[in-house]
Amino acid sequence: MEYVRSSKVRPPLPEGPFLVVGLARSGIAAARALKAHGQAVFGVDSGEPADLSALRDSGVGFETSVTGVERLDGVSTVVKSPGVPASAEVIVEARRRGIRVLGELEIGWRLLDAPFVAITGTNGKTTTTELTAHLIRSAGRPAAAAGNVGHPVCEVAMAAAGGTDAGTVVCECSSFQLEDSEAFSPEVAALLNVRPDHLDRHGDMESYRDAKLKIFANQDEGDVAVLNRDEPGQAGLETVAAQIGFSTSDGTDATIALDGDRILVDGEPLLDAHEMRILGRHNVANAMAGAACALALGVSSEDVAAGLKTFPPVPHRYEPVAEIEGVLFINDSKATNVDATLAAIESSDRPLHLILGGSAKGEPFDDLVPAVATGCRGVYLIGETADEIGSTLEPAGLEIVRYCEDLEAAVSEAAGAATPGEAVLLSPACASFDQFENYEDRGESFRRFVEALDG
């Protein structure tokens with residue numbers, strides 16, 4: 001199986017002057033890249049971002065603590081950062097005036113002539129993105145992991161302009177990035193899954209799914225679409241691209257399938273899942289998706305198998321932190337929605353002491369009840385959603401339910417209750433913003449608290 005094609009001719013940058021709205025990392029990268037290409041660009045942010053020195057050093061003008069509406073006069077294109085909602089006053093007014101609105105992903109893609117692998121889904125995006133880049137590099141070819149993994153595409157474009165060979169760009173694409181794309185057309189596009197998430201931003205599942213499906217919108221017959229055959233929402237998906245399906249279910253006709261513990265490609269063994277360093281059935285699916293992307297680029301089965309064996313767990317994504325007196329501690333802080341937590345519970349082969357809770361995202365927790373009832377011995381609840389989750393989980397009938405003041409207390413309580421052969425799992429099913437800066441901060445805090453137990 002080999003689907004190799006060269007990168008496509010990119011459309012030109014849209015007409016300037018540009019106004020960049022939102023000055024977090026991707027907004028700063030977009031503004032700097034546009035400035036480096038001789039464009040007139042100005043940046044605005046409604047808040048007070050911590051570090052704007054890179055903008056100053058690049059000679060980009062900006063204002064903070066403003067709506068940005070007053071800066072729209074004379075602007076031809078607005079570049080909207082992913083964290084800025086479509087309902088923001090400046091975005092609404094720009095569209096009312098007929099000003100073009102694009103995202104940083106679109107700008108960065110237009111500035112690069114490298115082949116693109118684009119990966120989206122509710123869960124598993126980062127692991128699959130980093131894994132795919134690892135597989136390409138393991139085969140001796142350059143690759144850059146970019147996008148929602150924390151490395152803006154515009155940063156890759158600036159490095160390429162400076163002489164760095166980007167090779168293949170493997171880009172994690174969030175729904176926030178895709179909804180602001182226009183001509184974006186990756187050579188390989190993968191959709192892992194679509195489950196309820198970010199409904200506070202998108203409004204409903206249909207709008208959220210539509211944003212995800214934009215990843216395929218501009219592909220053509222020379223491209224490849226990687227699809228999860230176990231996802232009902234992908235059945236009947238229309239695309240002119242060649243399709244590679246993957247499945248962890250028995251009896252499917254997927255190109256990449258699972259036979260017991262063995263991953264098969266076109267019916268031929270690739271490797272046994274237990275040979276990989278990443279844990280959990282959900283990560284087997286991520287590995288299949290990454291393998292499909294690499295194979296679509298012409299990486300050999302032998303190189304893919306070798307790369308899968310050496311890929312390390314990604315921080316905060318079902319990451320084993322320590323085993324203390326027979327109790328395994330797992331950091332799954334990136335599980336910020338119910339479906340991610342369900343995948344984590346179902347992937348464990350140990351009885352679990354599960355730490356849940358955080359800030360609300362408008363998602364109900366009812367679907368957790370059966371999995372918690374069968375997979376968990378205790379739950380430890382933190383954050384602003386603790387009472388709601390505790391009430392919802394009452395039908396699970398657990399013997400151990402603890403309401404904890406904070407994550408440190410939850411780790412201590414769970415460690416005290418767990419016995420050898422069990423696991424303490426941080427998989428919150430919630431965002432982190434009630435008590436932490438982000439999920440990374442929450443995950444690093446979990447790691448410190450666990451290390452203190454062993455101190």
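User: What does buried mean for a residue such as Phe184?

Analyst: Buried means under 20% relative accessible area. This model is predicted, and in it Phe184 counts as buried because its relative accessibility is 0%.

User: How many aromatic pairs are found in the whole structure?

Analyst: Two rings pair if their centres lie within 6.5 Å. A search of the whole structure gives 2 aromatic pairs.

User: Where in the chain do Trp109 and Phe184 lie?

Analyst: Trp109 belongs to helix 4 (residues 104–111), whereas Phe184 is in the loop between helix 7 (175–178) and strand 9 (188–191). The pair links distant parts of the chain, 75 residues apart. Trp109 has 2% relative accessibility, so Trp109 counts as buried too.

User: What kind of pair do Phe116 and Phe184 form?

Analyst: Planes over 60 degrees apart count as edge-to-face. Phe116 and Phe184 form such an edge-to-face pair, with 85 degrees between the planes and 5.9 Å centre to centre. Phe116 lies in strand 6 (residues 116–120), so its pair with Phe184 ties together parts that are 68 residues apart in sequence. Both Phe116 and Phe184 are buried.

User: Which residues form one aromatic cluster?

Analyst: The cluster consists of Trp109, Phe116 and Phe184.

User: Which rings have a charged end sitting over them?

Analyst: For a charge over a ring, look at the distance from the ring centre, which must be within 6 Å. The charged end of Arg71 sits over the ring of Phe42, 4.0 Å from its centre. Over the ring of Tyr439 sits the charged end of Lys334, 5.3 Å from the ring's centre.

Key:
Residues numbered from 1 in each chain as written. Predicted model: local features only at pLDDT ≥ 70, side-chain atom pairs only at ≥ 80, totals over all residues. Heavy atoms only, no water. Phe/Tyr/Trp six-rings, centres within 6.5 Å; stacked < 30°, edge-to-face > 60°. Helix = DSSP H or I, 4+ residues; strand = E, 2+ residues; numbered from the N terminus. Buried < 20%, exposed > 50% of the residue type's maximum accessible area, 1.4 Å probe, protein only. Lys NZ or Arg CZ within 6 Å of the ring centre and 35° of its normal.
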